[in-house]
Amino acid sequence: MKNLVVLTGAGISAESGVQTFRAADGLWEDHRIEDVATPEAFRRNPELVHRFYNARRAKLRDVKPNDAHLALARLEKDWLGAFLLITQNVDDLHERAGSHQLVHMHGELLKIFCEVCEKRQKHADDLGLGDSCPNCHSKRMRPDIVWFGEMPYHMEMIYDALAKADVFISIGTSGLVYPAAGFSKLASRAHRIEVNLQGTSVSPSFHEHRLGRASEEVPSLVTELLQKN
């Protein structure tokens, strides 16, 4: 049985209506990265950062998983070997599609944590300066998001899975953000497949390329993989 690792990026959720960071109409259009996505920004203007992530959290109510999300949940369910889905996305569309063997390396919009006791909890509503930690009662709650300059989550598990992978699939990633941009090289023993709208800077490190919309390419790829499983 083969070990399968999948990495998903903003491209898979963009088809569900989730704004990406780098598109012309993306999230950074009205906000500089330095103003909403760094620890320094949160210390400098926590009200702005809370408003930014509250708006993104609320937007999740208006989107739903697409066929690519659903296909990956089917792949996990029917794959006979080890399976791990790594996502750079902070939305919950993979979970809503039925994925379970999943890690969010950049955090989750629907979680918050306390900077004092580091207790994490699910949170679907707005978050503000007046909210207290249910564990230690401090008022230093923040979105459970990995900001620029912070270490992504679950890296030990991710590196171990990549080293053991027989098949590695990258879907909808820009190939610009590290450490994820280096995953294809770390999966050195794997057969590597890239699914994207266009080639990326890391495309040369893949054996196969499926160019097109994730909602169209991923379901057909999943069917092929399961037929060979």
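Analyst: One term to start: two strands pair if DSSP finds at least two bridges between them. Helices (H or I, at least four residues) and strands (E, at least two) are DSSP runs, numbered from the N terminus. This is a predicted model, where local features need pLDDT of at least 70, side-chain atom pairs count only at pLDDT 80 or more, and totals for chains, interfaces and linings use all residues. Residues are numbered from 1 along each chain as its sequence is written, and side-chain values use heavy atoms, with hydrogens and water left out.

User: Okay. How many bridges join β7 to β8?
Analyst: Five, and the two strands run parallel. Across that pairing, Ser-170 stands opposite Glu-194 in β8.

User: And what about β8 and β9, how many bridges there?
Analyst: Four, again in the parallel sense. Ile-193 has Glu-208 of β9 as its bridge partner.

User: Which strands make up the whole sheet, and in what order?
Analyst: The order is β3-β2-β1-β7-β8-β9. That is six strands in an open sheet with parallel pairing. The edges are β3 (102–104) and β9 (208–211), each pairing on one side only. From one strand to the next, the twist averages 15 degrees. Angles run from 0 to 180 degrees between N-to-C directions, and axes are lines fitted to C-alpha atoms, for helices over the stretch in contact.

User: What pairs with β3?
Analyst: Strand β2, residues 83–87, through three bridges in the parallel sense. Ile-86 sits opposite Val-103 of β3 there.

User: Which helices lie across β2?
Analyst: Helix α5 (residues 67–78) lies across β1 (4–8), β2 and β7 (167–171), at about 155 degrees to β2. Helix α7 (residues 155–164) lies across β1, β2, β3 and β7, at about 130 degrees to β2. Contact here means heavy atoms within 4.5 Å.

User: Back to β8. Mostly covered or mostly open?
Analyst: Mostly covered: five of its six residues are buried. Buried means under 20% relative accessible area, exposed over 50%, partly exposed in between (1.4 Å probe, protein chains only).

User: New topic. Where is His-123?
Analyst: In the loop between β5 (120–122) and β6 (141–145). Its relative accessibility is 18%, so His-123 counts as buried.

User: What does His-123 touch?
Analyst: Arg-57, Leu-109, Leu-110, Lys-111 and Ile-112, leaving aside residues up to four places away in sequence. A polar atom of the His-123 side chain also lies 3.2 Å from the backbone oxygen of Asp-125.

User: How many salt bridges are there?
Analyst: The count is 14. A salt bridge is a side-chain nitrogen of Lys or Arg within 4 Å of a carboxyl oxygen of Asp or Glu.

User: Which residue does Asp-160 bridge to?
Analyst: Lys-164, at 3.3 Å from N to O. They are four residues apart in helix α7, so about one helical turn separates them. Asp-160 is partly exposed at 39%, and Lys-164 is partly exposed at 43%.

User: What about Arg-189, which residue does it meet?
Analyst: Asp-166, at 2.5 Å from N to O. This pair links distant parts of the chain, 23 residues apart. Arg-189 is in the loop between α8 (183–186) and β8 (191–196), while Asp-166 is in the loop between α7 and β7.

User: Is Arg-44 buried or exposed?
Analyst: Exposed, because its relative accessibility is 53%. Arg-44 forms a salt bridge with Asp-35, the closest N and O atoms being 3.8 Å apart. Asp-35 is partly exposed at 22%.

User: Which residues form a network?
Analyst: Glu-15, Arg-213 and Glu-216, linked by salt bridges.

Technical notes
A polar contact is a pair of N or O atoms within 3.5 Å; within protein, one must be able to donate a hydrogen and the other to accept it, and residues adjacent in sequence count only if both atoms are side-chain atoms.
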